[in-house]
Amino acid sequence: MESKFHAFMFPWFAFGHMIPFLHLANKLAEKGHRVTFLVPKKAQKQLEPHNLFPESIVFHPLTVPHVNGLPVGAETTSDVPISMDNFLSEAFDLTHDQVEAAVRALKPDLIFFDFAHWIAKLAKEHMFKSVSYMIVSATAVSQLHPPGSSLGVLPPGYPSSKVVFRENDAHAVLTDSIYYERLYHQLTTSLKSCDAIALKTCKEMEGKFCDYISRQYNKKVLLTGPMLPEPDTSKPLEERWSHFLSKFPPGSVVFCALGSQIVLEKDQFQELCLGMEMTGLPFLLAVKSPRGLSTVQEALPEGFEERVKDRGVVWGEWVQQPLILSHPSVGCFVNHCGPGTLWEGLMSDCQIVLLPFLSDQVLFTRLMTEEFQVSVEVSREKTGWFSKESLRDAIKSVMDKDNDLGKLVRSNHTKLKEVLGSPGLFDGYVDNFVEVLADLINVKT
Ligand SMILES: O=c1ccn([C@@H]2O[C@H](COP(=O)(O)OP(=O)(O)O[C@H]3O[C@H](CO)[C@@H](O)[C@H](O)[C@H]3O)[C@@H](O)[C@H]2O)c(=O)[nH]1
(Lines give C-alpha, C1' and ligand atoms only; values in the text may rest on other atoms or scores of the structure.)
Protein backbone atom coordinates (compact mmCIF):
# COMPACT_ATOMS: atom_id res chain seq x y z
CA MET A 1 0.00 0.00 0.00
CA GLU A 2 1.20 3.51 -0.81
CA SER A 3 2.59 5.23 2.29
CA LYS A 4 1.17 8.55 3.45
CA PHE A 5 3.26 11.70 3.40
CA HIS A 6 3.31 15.15 4.94
CA ALA A 7 3.61 17.96 2.39
CA PHE A 8 4.33 21.63 2.95
CA MET A 9 2.88 24.17 0.54
CA PHE A 10 4.41 27.58 0.12
CA PRO A 11 2.86 29.47 -2.83
CA TRP A 12 3.49 33.07 -3.87
CA PHE A 13 1.33 35.47 -1.86
CA ALA A 14 -1.38 35.85 -4.54
CA PHE A 15 -4.84 34.32 -4.43
CA GLY A 16 -4.40 33.15 -8.02
CA HIS A 17 -1.54 31.00 -6.66
CA MET A 18 -2.71 30.12 -3.15
CA ILE A 19 -6.14 28.90 -4.34
CA PRO A 20 -4.83 26.42 -6.94
CA PHE A 21 -2.23 25.17 -4.43
CA LEU A 22 -5.11 24.57 -2.06
CA HIS A 23 -6.96 22.62 -4.76
CA LEU A 24 -3.90 20.37 -4.99
CA ALA A 25 -3.83 20.13 -1.17
CA ASN A 26 -7.45 18.96 -1.26
CA LYS A 27 -6.61 16.21 -3.74
CA LEU A 28 -3.70 15.05 -1.56
CA ALA A 29 -5.81 15.14 1.60
CA GLU A 30 -8.54 13.17 -0.17
CA LYS A 31 -5.94 10.41 -0.60
CA GLY A 32 -5.01 10.48 3.07
CA HIS A 33 -1.91 12.70 2.97
CA ARG A 34 -1.28 15.63 5.34
CA VAL A 35 -0.60 19.20 4.29
CA THR A 36 0.81 22.17 6.16
CA PHE A 37 -0.10 25.28 4.19
CA LEU A 38 2.10 28.35 4.76
CA VAL A 39 0.14 31.57 4.28
CA PRO A 40 0.22 35.23 5.28
CA LYS A 41 -1.94 35.73 8.36
CA LYS A 42 -4.84 37.67 6.83
CA ALA A 43 -5.10 35.43 3.76
CA GLN A 44 -5.96 32.42 5.91
CA LYS A 45 -9.54 33.63 6.47
CA GLN A 46 -10.22 34.00 2.75
CA LEU A 47 -8.69 30.61 1.99
CA GLU A 48 -10.48 28.63 4.67
CA PRO A 49 -13.68 28.09 2.63
CA HIS A 50 -11.57 26.35 -0.05
CA ASN A 51 -10.14 23.90 2.49
CA LEU A 52 -12.29 20.79 2.14
CA PHE A 53 -10.25 18.73 4.64
CA PRO A 54 -9.55 20.97 7.66
CA GLU A 55 -8.35 17.98 9.67
CA SER A 56 -5.65 17.12 7.16
CA ILE A 57 -4.81 20.55 5.76
CA VAL A 58 -3.53 22.87 8.46
CA PHE A 59 -2.75 26.53 7.83
CA HIS A 60 0.51 27.80 9.24
CA PRO A 61 0.37 31.61 9.41
CA LEU A 62 3.40 33.69 8.44
CA THR A 63 4.06 37.29 9.37
CA VAL A 64 4.85 39.30 6.27
CA PRO A 65 7.92 41.39 7.20
CA HIS A 66 7.84 45.08 6.46
CA VAL A 67 10.07 46.33 3.64
CA ASN A 68 10.49 49.91 2.47
CA GLY A 69 7.99 50.76 -0.21
CA LEU A 70 5.42 48.15 0.77
CA PRO A 71 2.26 49.71 2.24
CA VAL A 72 1.78 48.85 5.90
CA GLY A 73 -0.43 45.77 6.26
CA ALA A 74 -0.03 44.62 2.65
CA GLU A 75 0.27 40.83 2.52
CA THR A 76 -0.85 39.66 -0.90
CA THR A 77 -0.90 40.94 -4.49
CA SER A 78 -4.55 41.88 -3.94
CA ASP A 79 -3.34 44.54 -1.47
CA VAL A 80 -0.94 46.28 -3.87
CA PRO A 81 -0.84 47.48 -7.48
CA ILE A 82 1.29 45.42 -9.89
CA SER A 83 3.93 48.17 -9.77
CA MET A 84 4.57 47.22 -6.11
CA ASP A 85 4.88 43.45 -6.69
CA ASN A 86 8.66 43.63 -6.27
CA PHE A 87 8.34 45.02 -2.73
CA LEU A 88 5.95 42.23 -1.82
CA SER A 89 8.36 39.78 -3.38
CA GLU A 90 11.20 41.10 -1.15
CA ALA A 91 8.99 40.64 1.90
CA PHE A 92 8.09 37.14 0.68
CA ASP A 93 11.78 36.21 0.53
CA LEU A 94 12.30 37.59 4.04
CA THR A 95 9.99 34.89 5.41
CA HIS A 96 12.86 32.41 4.93
CA ASP A 97 13.57 32.08 8.66
CA GLN A 98 9.91 31.51 9.53
CA VAL A 99 9.68 28.81 6.86
CA GLU A 100 12.86 27.18 8.12
CA ALA A 101 11.55 27.24 11.70
CA ALA A 102 8.36 25.50 10.53
CA VAL A 103 10.43 22.93 8.66
CA ARG A 104 12.51 22.18 11.77
CA ALA A 105 9.43 21.85 13.93
CA LEU A 106 7.18 19.89 11.59
CA LYS A 107 9.62 17.89 9.43
CA PRO A 108 7.77 17.59 6.10
CA ASP A 109 8.53 14.89 3.52
CA LEU A 110 8.27 17.35 0.65
CA ILE A 111 7.36 20.92 -0.20
CA PHE A 112 5.47 22.45 -3.11
CA PHE A 113 6.57 25.96 -3.98
CA ASP A 114 6.73 28.32 -6.95
CA PHE A 115 8.44 31.70 -6.51
CA ALA A 116 10.59 31.01 -3.43
CA HIS A 117 13.85 30.21 -5.23
CA TRP A 118 15.64 29.37 -1.97
CA ILE A 119 13.34 26.48 -1.09
CA ALA A 120 15.21 23.74 -2.97
CA LYS A 121 18.41 24.55 -1.05
CA LEU A 122 16.54 24.57 2.24
CA ALA A 123 14.96 21.23 1.35
CA LYS A 124 18.34 19.68 0.57
CA GLU A 125 19.79 20.93 3.86
CA HIS A 126 16.91 19.41 5.80
CA MET A 127 16.74 16.30 3.62
CA PHE A 128 13.27 16.47 2.18
CA LYS A 129 12.09 16.86 -1.44
CA SER A 130 11.09 20.00 -3.27
CA VAL A 131 8.57 20.26 -6.10
CA SER A 132 8.35 23.42 -8.16
CA TYR A 133 4.62 23.66 -8.94
CA MET A 134 3.71 26.02 -11.78
CA ILE A 135 0.10 27.11 -11.79
CA VAL A 136 0.34 29.33 -14.86
CA SER A 137 0.02 27.67 -18.26
CA ALA A 138 2.86 25.51 -19.59
CA THR A 139 2.59 27.70 -22.68
CA ALA A 140 3.65 30.71 -20.62
CA VAL A 141 6.41 28.93 -18.70
CA SER A 142 7.90 27.53 -21.90
CA GLN A 143 8.14 30.89 -23.61
CA LEU A 144 8.83 33.22 -20.67
CA HIS A 145 10.98 31.12 -18.37
CA PRO A 146 13.31 28.68 -20.08
CA PRO A 147 16.94 29.12 -18.97
CA GLY A 148 18.65 31.95 -20.86
CA SER A 149 15.39 33.52 -22.11
CA SER A 150 14.52 37.21 -22.21
CA LEU A 151 11.13 38.85 -22.22
CA GLY A 152 9.65 39.27 -25.69
CA VAL A 153 12.29 37.09 -27.44
CA LEU A 154 11.25 33.69 -28.75
CA PRO A 155 13.51 31.02 -27.20
CA PRO A 156 15.25 28.62 -29.63
CA GLY A 157 13.29 25.50 -30.49
CA TYR A 158 10.04 26.93 -29.05
CA PRO A 159 7.28 24.61 -30.30
CA SER A 160 4.73 27.00 -31.84
CA SER A 161 4.62 29.71 -34.46
CA LYS A 162 1.13 30.80 -33.41
CA VAL A 163 1.45 31.05 -29.64
CA VAL A 164 3.62 34.15 -29.75
CA PHE A 165 3.56 37.87 -28.99
CA ARG A 166 2.49 40.31 -31.69
CA GLU A 167 3.06 44.00 -32.18
CA ASN A 168 -0.02 45.05 -30.24
CA ASP A 169 1.03 43.07 -27.16
CA ALA A 170 3.64 45.65 -26.13
CA HIS A 171 1.34 46.75 -23.29
CA ALA A 172 1.50 43.29 -21.70
CA VAL A 173 5.24 42.92 -22.14
CA LEU A 174 5.73 46.38 -20.66
CA THR A 175 3.67 45.53 -17.56
CA ASP A 176 5.62 42.31 -17.07
CA SER A 177 8.92 44.13 -17.44
CA ILE A 178 8.26 45.72 -14.02
CA TYR A 179 8.90 42.43 -12.27
CA TYR A 180 10.31 40.18 -15.00
CA GLU A 181 13.96 40.30 -13.96
CA ARG A 182 13.25 39.32 -10.37
CA LEU A 183 10.67 36.73 -11.40
CA TYR A 184 12.97 35.27 -14.05
CA HIS A 185 15.65 34.74 -11.41
CA GLN A 186 13.16 33.21 -8.98
CA LEU A 187 11.60 30.84 -11.48
CA THR A 188 14.66 29.65 -13.37
CA THR A 189 16.52 29.06 -10.08
CA SER A 190 13.54 27.15 -8.71
CA LEU A 191 13.03 25.07 -11.83
CA LYS A 192 16.73 24.20 -12.04
CA SER A 193 17.25 23.34 -8.40
CA CYS A 194 14.05 21.51 -7.42
CA ASP A 195 13.75 17.72 -7.26
CA ALA A 196 10.75 17.72 -9.63
CA ILE A 197 8.81 20.14 -11.81
CA ALA A 198 5.04 19.87 -11.69
CA LEU A 199 2.67 21.68 -14.05
CA LYS A 200 -1.03 22.29 -13.57
CA THR A 201 -2.11 21.15 -17.00
CA CYS A 202 -2.57 18.04 -19.13
CA LYS A 203 -0.90 16.84 -22.30
CA GLU A 204 -4.16 16.98 -24.25
CA MET A 205 -3.93 20.76 -23.94
CA GLU A 206 -0.27 21.62 -23.65
CA GLY A 207 1.73 18.45 -24.32
CA LYS A 208 4.30 19.99 -26.65
CA PHE A 209 4.93 22.90 -24.26
CA CYS A 210 5.40 20.49 -21.33
CA ASP A 211 7.91 18.47 -23.38
CA TYR A 212 9.73 21.66 -24.27
CA ILE A 213 10.06 22.65 -20.59
CA SER A 214 11.30 19.17 -19.80
CA ARG A 215 14.00 19.45 -22.48
CA GLN A 216 15.01 22.95 -21.43
CA TYR A 217 15.50 21.96 -17.80
CA ASN A 218 16.61 18.45 -18.55
CA LYS A 219 14.12 17.13 -16.02
CA LYS A 220 11.05 14.99 -16.03
CA VAL A 221 7.94 17.14 -15.83
CA LEU A 222 4.98 15.85 -13.83
CA LEU A 223 1.46 16.86 -14.81
CA THR A 224 -1.30 17.21 -12.26
CA GLY A 225 -4.09 17.84 -14.77
CA PRO A 226 -6.04 21.08 -14.36
CA MET A 227 -6.99 20.35 -10.73
CA LEU A 228 -10.45 21.74 -11.19
CA PRO A 229 -12.07 22.26 -7.81
CA GLU A 230 -15.05 20.16 -6.82
CA PRO A 231 -18.22 22.17 -7.43
CA ASP A 232 -19.01 24.01 -4.19
CA THR A 233 -22.40 22.65 -3.29
CA SER A 234 -22.29 24.13 0.21
CA LYS A 235 -23.47 27.55 -0.95
CA PRO A 236 -25.99 28.14 -3.75
CA LEU A 237 -25.59 31.03 -6.16
CA GLU A 238 -26.41 34.29 -4.37
CA GLU A 239 -30.07 35.18 -4.68
CA ARG A 240 -29.32 38.54 -6.33
CA TRP A 241 -27.59 36.75 -9.24
CA SER A 242 -29.94 33.82 -9.62
CA HIS A 243 -32.81 36.29 -9.65
CA PHE A 244 -31.15 38.59 -12.17
CA LEU A 245 -29.94 35.82 -14.50
CA SER A 246 -33.22 33.93 -14.47
CA LYS A 247 -35.00 36.89 -16.09
CA PHE A 248 -33.26 36.10 -19.40
CA PRO A 249 -33.55 33.27 -21.94
CA PRO A 250 -31.05 30.40 -21.91
CA GLY A 251 -27.61 31.24 -23.28
CA SER A 252 -28.35 34.94 -23.69
CA VAL A 253 -26.35 36.69 -20.93
CA VAL A 254 -22.76 37.91 -21.31
CA PHE A 255 -20.72 37.43 -18.13
CA CYS A 256 -17.42 39.30 -17.90
CA ALA A 257 -14.81 38.77 -15.16
CA LEU A 258 -11.11 39.67 -15.15
CA GLY A 259 -9.71 37.61 -12.27
CA SER A 260 -8.19 38.64 -8.98
CA GLN A 261 -5.53 41.09 -10.10
CA ILE A 262 -6.57 43.22 -13.05
CA VAL A 263 -7.38 46.85 -12.22
CA LEU A 264 -8.36 49.05 -15.16
CA GLU A 265 -7.77 52.75 -15.65
CA LYS A 266 -11.06 54.66 -15.47
CA ASP A 267 -11.22 55.40 -19.22
CA GLN A 268 -10.64 51.76 -20.17
CA PHE A 269 -13.19 50.65 -17.57
CA GLN A 270 -15.75 52.98 -19.13
CA GLU A 271 -14.97 51.65 -22.60
CA LEU A 272 -15.57 48.14 -21.28
CA CYS A 273 -18.96 49.19 -19.90
CA LEU A 274 -19.91 50.88 -23.16
CA GLY A 275 -18.83 47.87 -25.22
CA MET A 276 -21.08 45.64 -23.11
CA GLU A 277 -23.93 48.11 -23.59
CA MET A 278 -23.39 48.19 -27.35
CA THR A 279 -23.93 44.44 -27.66
CA GLY A 280 -27.60 45.01 -26.84
CA LEU A 281 -27.43 41.80 -24.78
CA PRO A 282 -28.05 41.31 -21.06
CA PHE A 283 -24.79 41.33 -19.11
CA LEU A 284 -23.11 40.96 -15.74
CA LEU A 285 -19.77 42.74 -15.55
CA ALA A 286 -17.82 41.79 -12.39
CA VAL A 287 -14.54 43.70 -12.25
CA LYS A 288 -12.53 45.56 -9.63
CA SER A 289 -13.03 49.31 -9.17
CA PRO A 290 -10.85 51.30 -11.55
CA ARG A 291 -7.46 52.56 -10.34
CA GLY A 292 -7.73 55.07 -7.52
CA LEU A 293 -11.48 54.64 -6.97
CA SER A 294 -13.18 52.66 -4.27
CA THR A 295 -16.37 51.70 -6.11
CA VAL A 296 -17.35 50.86 -9.67
CA GLN A 297 -20.43 53.08 -9.40
CA GLU A 298 -18.45 56.30 -9.24
CA ALA A 299 -16.73 55.47 -12.55
CA LEU A 300 -19.74 54.47 -14.66
CA PRO A 301 -20.18 56.41 -17.93
CA GLU A 302 -22.77 59.17 -17.86
CA GLY A 303 -26.35 57.96 -18.19
CA PHE A 304 -25.14 54.36 -18.39
CA GLU A 305 -27.03 52.99 -15.39
CA GLU A 306 -30.30 54.40 -16.62
CA ARG A 307 -29.80 53.10 -20.16
CA VAL A 308 -28.97 49.50 -19.15
CA LYS A 309 -30.99 49.25 -15.95
CA ASP A 310 -33.19 46.41 -17.14
CA ARG A 311 -30.46 44.24 -18.58
CA GLY A 312 -27.03 45.10 -17.26
CA VAL A 313 -25.20 45.06 -13.91
CA VAL A 314 -21.71 46.24 -13.07
CA TRP A 315 -20.38 44.76 -9.84
CA GLY A 316 -17.10 45.56 -8.07
CA GLU A 317 -16.98 42.71 -5.55
CA TRP A 318 -16.07 39.03 -5.66
CA VAL A 319 -18.69 36.81 -7.32
CA GLN A 320 -19.17 33.03 -7.37
CA GLN A 321 -17.69 32.67 -10.83
CA PRO A 322 -18.09 28.90 -11.33
CA LEU A 323 -21.75 29.03 -10.26
CA ILE A 324 -22.48 31.97 -12.54
CA LEU A 325 -20.86 30.14 -15.44
CA SER A 326 -23.05 27.14 -14.89
CA HIS A 327 -26.27 29.18 -14.83
CA PRO A 328 -28.32 28.27 -17.94
CA SER A 329 -28.94 31.92 -18.88
CA VAL A 330 -25.23 32.66 -19.28
CA GLY A 331 -24.10 32.14 -22.87
CA CYS A 332 -20.88 34.09 -23.23
CA PHE A 333 -17.85 34.44 -20.95
CA VAL A 334 -15.56 37.41 -21.51
CA ASN A 335 -12.39 36.96 -19.43
CA HIS A 336 -8.69 37.74 -19.08
CA CYS A 337 -7.52 34.18 -19.74
CA GLY A 338 -6.00 33.67 -16.30
CA PRO A 339 -5.26 29.95 -16.05
CA GLY A 340 -7.94 29.14 -13.46
CA THR A 341 -10.57 31.19 -15.22
CA LEU A 342 -9.84 29.79 -18.65
CA TRP A 343 -10.20 26.20 -17.46
CA GLU A 344 -13.51 27.09 -15.82
CA GLY A 345 -14.65 28.64 -19.10
CA LEU A 346 -13.55 25.61 -21.10
CA MET A 347 -15.49 23.23 -18.90
CA SER A 348 -18.63 25.40 -19.25
CA ASP A 349 -20.92 25.59 -22.28
CA CYS A 350 -20.35 29.32 -22.75
CA GLN A 351 -18.86 30.91 -25.81
CA ILE A 352 -15.46 32.34 -24.85
CA VAL A 353 -14.18 35.85 -25.59
CA LEU A 354 -10.66 36.62 -24.38
CA LEU A 355 -9.25 39.95 -23.29
CA PRO A 356 -5.77 39.22 -21.91
CA PHE A 357 -3.71 41.79 -19.97
CA LEU A 358 -0.50 40.10 -18.76
CA SER A 359 2.07 38.23 -20.86
CA ASP A 360 1.10 34.75 -19.70
CA GLN A 361 -2.55 35.54 -20.38
CA VAL A 362 -1.69 36.74 -23.90
CA LEU A 363 0.17 33.52 -24.72
CA PHE A 364 -2.56 31.28 -23.29
CA THR A 365 -5.08 33.30 -25.30
CA ARG A 366 -3.16 32.59 -28.51
CA LEU A 367 -3.19 28.88 -27.73
CA MET A 368 -6.95 28.97 -27.32
CA THR A 369 -7.85 31.27 -30.20
CA GLU A 370 -5.26 30.26 -32.80
CA GLU A 371 -4.28 26.64 -32.15
CA PHE A 372 -7.46 25.23 -30.66
CA GLN A 373 -9.77 27.89 -32.12
CA VAL A 374 -12.20 27.59 -29.24
CA SER A 375 -12.45 31.32 -28.52
CA VAL A 376 -12.10 34.76 -30.04
CA GLU A 377 -9.79 37.52 -28.85
CA VAL A 378 -10.75 41.18 -28.50
CA SER A 379 -8.43 43.15 -30.75
CA ARG A 380 -6.31 45.93 -29.30
CA GLU A 381 -4.58 48.93 -30.75
CA LYS A 382 -0.79 49.37 -30.64
CA THR A 383 -1.09 51.32 -27.39
CA GLY A 384 -2.87 48.36 -25.78
CA TRP A 385 -6.21 50.19 -25.82
CA PHE A 386 -9.28 48.13 -26.71
CA SER A 387 -12.28 49.99 -28.06
CA LYS A 388 -15.94 49.48 -27.23
CA GLU A 389 -16.47 48.54 -30.87
CA SER A 390 -13.80 45.81 -30.82
CA LEU A 391 -15.30 44.37 -27.64
CA ARG A 392 -18.82 44.50 -29.10
CA ASP A 393 -17.67 42.88 -32.35
CA ALA A 394 -15.92 40.02 -30.57
CA ILE A 395 -18.97 39.31 -28.41
CA LYS A 396 -21.41 39.60 -31.30
CA SER A 397 -19.29 37.28 -33.44
CA VAL A 398 -19.76 34.43 -30.96
CA MET A 399 -23.31 35.27 -29.87
CA ASP A 400 -24.76 35.67 -33.35
CA LYS A 401 -26.14 32.21 -34.18
CA ASP A 402 -25.41 32.60 -37.90
CA ASN A 403 -21.85 33.85 -37.62
CA ASP A 404 -19.34 31.36 -39.12
CA LEU A 405 -16.62 32.16 -36.58
CA GLY A 406 -19.13 31.76 -33.76
CA LYS A 407 -20.16 28.36 -35.15
CA LEU A 408 -16.54 27.26 -35.54
CA VAL A 409 -15.48 28.13 -31.99
CA ARG A 410 -18.63 26.57 -30.54
CA SER A 411 -18.02 23.33 -32.37
CA ASN A 412 -14.28 23.24 -31.48
CA HIS A 413 -15.06 24.09 -27.86
CA THR A 414 -17.59 21.26 -27.66
CA LYS A 415 -15.06 18.78 -29.09
CA LEU A 416 -12.26 19.87 -26.76
CA LYS A 417 -14.57 19.77 -23.77
CA GLU A 418 -15.51 16.22 -24.70
CA VAL A 419 -11.86 15.18 -24.78
CA LEU A 420 -11.10 16.91 -21.49
CA GLY A 421 -14.26 15.57 -19.91
CA SER A 422 -13.59 11.93 -20.84
CA PRO A 423 -14.29 9.77 -17.80
CA GLY A 424 -11.30 9.25 -15.58
CA LEU A 425 -8.96 11.54 -17.51
CA PHE A 426 -8.35 14.12 -14.79
CA ASP A 427 -8.53 11.60 -11.92
CA GLY A 428 -5.92 9.55 -13.76
CA TYR A 429 -3.56 12.52 -13.77
CA VAL A 430 -3.99 13.01 -10.03
CA ASP A 431 -3.52 9.30 -9.23
CA ASN A 432 -0.40 9.08 -11.33
CA PHE A 433 0.99 12.31 -9.88
CA VAL A 434 0.53 11.14 -6.30
CA GLU A 435 2.17 7.79 -7.06
CA VAL A 436 5.20 9.51 -8.55
CA LEU A 437 5.44 11.79 -5.50
CA ALA A 438 5.42 8.80 -3.18
CA ASP A 439 8.28 7.26 -5.20
CA LEU A 440 10.17 10.55 -5.16
CA ILE A 441 9.98 10.75 -1.37
CA ASN A 442 11.30 7.24 -1.02
CA VAL A 443 14.36 7.97 -3.16
CA LYS A 444 17.24 8.79 -0.82
CA THR A 445 19.33 11.88 -1.70
O1 LIG B 1 -14.99 37.55 -8.63
C2 LIG B 1 -14.27 36.57 -8.78
C3 LIG B 1 -13.01 36.60 -9.43
C4 LIG B 1 -12.29 35.42 -9.55
N5 LIG B 1 -12.78 34.27 -9.05
C6 LIG B 1 -11.98 33.03 -9.13
O7 LIG B 1 -10.60 33.34 -8.98
C8 LIG B 1 -9.81 32.53 -9.80
C9 LIG B 1 -8.94 33.45 -10.64
O10 LIG B 1 -7.83 32.74 -11.05
P11 LIG B 1 -7.11 32.97 -12.45
O12 LIG B 1 -8.04 32.96 -13.54
O13 LIG B 1 -5.99 31.98 -12.53
O14 LIG B 1 -6.58 34.46 -12.51
P15 LIG B 1 -5.90 35.51 -11.55
O16 LIG B 1 -6.13 35.24 -10.14
O17 LIG B 1 -6.41 36.79 -12.07
O18 LIG B 1 -4.32 35.52 -11.76
C19 LIG B 1 -3.58 34.40 -12.16
O20 LIG B 1 -3.23 34.66 -13.42
C21 LIG B 1 -2.25 35.67 -13.58
C22 LIG B 1 -2.06 35.91 -15.00
O23 LIG B 1 -2.32 34.80 -15.72
C24 LIG B 1 -1.00 35.17 -13.09
O25 LIG B 1 -0.01 36.09 -13.40
C26 LIG B 1 -1.23 35.06 -11.65
O27 LIG B 1 -0.04 34.63 -11.14
C28 LIG B 1 -2.33 34.10 -11.36
O29 LIG B 1 -2.63 34.25 -10.02
C30 LIG B 1 -10.75 31.68 -10.62
O31 LIG B 1 -10.84 30.40 -10.07
C32 LIG B 1 -12.11 32.38 -10.48
O33 LIG B 1 -13.20 31.50 -10.51
C34 LIG B 1 -14.01 34.21 -8.45
O35 LIG B 1 -14.48 33.15 -8.03
N36 LIG B 1 -14.71 35.36 -8.33
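1. The shell around the ligand is made up of five nonpolar, eleven polar and two charged residues. The structure is a predicted model, and the remarks below should be read accordingly.

2. Among the 18 residues around the ligand, those that come nearest are H17, S260, T341, E344 and D360.

3. For Q361, the corresponding separation between a side-chain N or O atom and an oxygen atom of the ligand is 3.3 Å. The ligand taken alone exposes 710 Å², and the protein buries 90% of that area.

4. Which elements give two or more residues to the shell around the ligand? They are α1 (15–30), α13 (321–325), α14 (339–346) and α15 (359–371). The most is given by α14, which supplies four residues.

5. A separate matter is the second largest pocket, which holds about 270 Å³ of space. Its lining consists of 19 residues, and the closest to the centre of the pocket are K27, L228, L425, F426 and D427.

6. Helix α18 (residues 425–442) gives the most to the lining of this second largest pocket, with four residues. By class, the lining comprises eleven nonpolar, five polar and three charged residues.

7. The aromatic rings also deserve a comment. The count of aromatic pairs comes to 18. For stacked rings the planes would have to be under 30 degrees apart, and for an edge-to-face pair over 60.

8. Where do the two partners, F10 and W118, lie? F10 belongs to strand β1 (residues 6–10), while W118 is in the loop between β4 (110–113) and α5 (119–125). The pair therefore ties together parts that are 108 residues apart in sequence.

Technical notes. Residues are numbered from 1 along each chain as its sequence is written. This is a predicted model: local features need pLDDT of at least 70, side-chain atom pairs count only at pLDDT 80 or more; totals for chains, interfaces and linings use all residues. Side-chain values use heavy atoms; hydrogens and water are left out. A residue is near a molecule or strand if one of its heavy atoms lies within 4 Å of it. A polar contact is a pair of N or O atoms within 3.5 Å; within protein, one must be able to donate a hydrogen and the other to accept it, and residues adjacent in sequence count only if both atoms are side-chain atoms. Accessible areas come from the Shrake-Rupley method with a 1.4 Å probe; for residues, only the protein chains shown count as cover. Ala, Val, Leu, Ile, Met, Phe, Trp, Tyr, Cys and Pro count as nonpolar, Asp, Glu, Lys and Arg as charged, and the others, Gly among them, as polar. On a 1 Å grid over the protein atoms alone, a cavity is a set of points where a 1.4 Å probe fits but cannot get out, and a pocket is an open set with protein on both sides within 12 Å along at least five of seven lines; lining residues have an atom within 4 Å of a point. Grid points are joined across faces, edges and corners, and a volume is the space filled by probe spheres set on the points. Rings of Phe, Tyr and Trp (its six-membered ring) pair if their centres lie within 6.5 Å; planes under 30 degrees apart count as stacked, over 60 as edge-to-face and the rest as tilted.
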